[in-house]
Amino acid sequence: MRKTLAAALGIEVSLLQSGMGGVAGTELACAVSDAGAAGCLGGYKLVGEGMSAALARLTEGTDRPVGVNLIPEVVGPEELDRQVAQVLDETPGRVYLSFFGMPDDAVFDRVNAAGRKIVVQVGTVEDGVRAAGHGSVVVAQGTEAGGHLLGEGGRDALVTALREELPEACIVAAGGIGSPDQAARALSAGADGVLLGTAFVVADESRAHSYFKGAVVTADGTDTVISDVYEIGWPGRRHRVLETSATRDPKQARKFIGRTEVEGQRYLIPRFSAAAPTEATSGRIEEMAMYCGLSCDTISGGRPAADIVADFARILQSVEIFESGTG
Ligand SMILES: Cc1cc2nc3c(=O)[nH]c(=O)nc-3n(C[C@H](O)[C@H](O)[C@H](O)COP(=O)(O)O)c2cc1C
């Protein structure tokens, strides 16, 4: 039977917070989960002691279902195996795995065998059908989305096409959702819940740099571009970002423009790095990769993550109607 996202994940509000490398730390993930939706830690390149420290804070910080987001194409199959093993070994069963793009079948099998829930973000019908075949919640990402883009088309068309192929699957809409009205549109296209990224960048608990948060609040969609310039560390995939001097002039020298720290490790940031600026980043923030969706049109200011969840909760309750009989 078709399930709401809330029913599929054992949460109260059919809302996913996107795992966002560097930006979605444990404070944001736990705050969103405590508010009744599903928070998610951006796992990105974390592994070993850094991953263990973050997982410990995540599971101590909330006793609700919460996720860890991993990106198969960024780390490659061996590192992904290590990351998955750490999540399975070091966290309780309420921690779900979220993937940006498709992992190998063996990864699905391993996570399913461990009894964990899986959420996979896709940009095509083909990938969505494969992910659903492994029992995953399928996040349909349209090109309205902030961050890296998995497909070529708009959100609602992808949701509708997936719903036709997968009448029973749990399908979540992502990309360009910054207000309850936009969430309602995605639900009428056939979604069972929504995923928000940019809307949570500006949350009080987000680790995004204050300059980045301010830029998202003042931007509208015309200030964003789909580009491929921020490729150091994550090559070969287009991304929607705020327009900067780097997107305008991709021929500039690849020199270091800042530094940052992730779980106690220090890194230099070259111009065109894929790393988003966080509260631990210094340097020329205004040139860095500020991922931002068309959703910025309706995002007006920073506030606690729980308030963002509460804003969407009422409209997302209407999904229950599909489940309880009419749909
Ligand atoms: C700052 C930022 C960082 C992101 N990083 C990730 C990531 O690490 N993993 C991931 O699965 N998706 C990531 N995304 C993409 C989101 O999952 C999602 O597709 C997007 O945020 C949805 O569109 P919206 O930003 O308009 O809500 C990121 C998005 C943003 C805005």
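Which residues of helix 2 are buried? The legends below start there. This is a predicted model, in which local features need pLDDT of at least 70, side-chain atom pairs count only at pLDDT 80 or more, and totals for chains, interfaces and linings use all residues. Residues are numbered from 1 along each chain as its sequence is written, and side-chain values use heavy atoms, with hydrogens and water left out.

View 1. The buried residues of helix 2 are Thr26, Leu28, Ala29, Cys30, Ala31, Val32 and Ser33. Buried means under 20% relative accessible area, exposed over 50%, and partly exposed in between (1.4 Å probe, protein chains only). Helices (H or I, at least four residues) and strands (E, at least two) are DSSP runs, numbered from the N terminus. Helix 2 spans residues 26-34; seven of its nine residues are buried, so the rest of the structure largely encloses it. Its buried residues pack against strand 1 (15-17), strand 2 (39-42), helix 3 (48-61), strand 3 (66-70), helix 9 and helix 12 (305-317). Contact means heavy atoms within 4.5 Å. Gly36 follows helix 2, with a positive phi near 105°.

View 2. Gln121 sits in strand 5 (residues 118-122). Gln121 is buried, at a relative accessible area of 11%. Leaving out residues up to four places away in sequence, Gln121 touches Phe99, Phe100, Gly101, Val139, Gln141, Leu150 and Ala174. A polar side-chain atom of Gln121 is 2.6 Å from an oxygen atom of the ligand. A polar contact is a pair of N or O atoms within 3.5 Å; within protein, one must be able to donate a hydrogen and the other to accept it, and residues adjacent in sequence count only if both atoms are side-chain atoms.

**View 3. The shell around the ligand.** The ligand is surrounded by 22 residues; the closest are Asn69, Gln121, Gly176, Thr198 and Ser295. A residue counts as near if one of its heavy atoms lies within 4 Å. A side-chain N or O atom of Asn69 lies 2.8 Å from a nitrogen atom of the ligand. Taken alone, the ligand exposes 600 Å², and the protein buries 97% of that (Shrake-Rupley method, 1.4 Å probe).

**View 4. Two domains and the ligand.** The protein is divided into domain 1 (5-205 + 300-326) and domain 2 (210-295); the bounds come from an automatic or database domain assignment. Both domains give residues to the shell around the ligand, so the ligand lies between them. Their centres, taken over C-alpha atoms, are 23 Å apart. In contact are 34 residues of domain 1 and 21 residues of domain 2.
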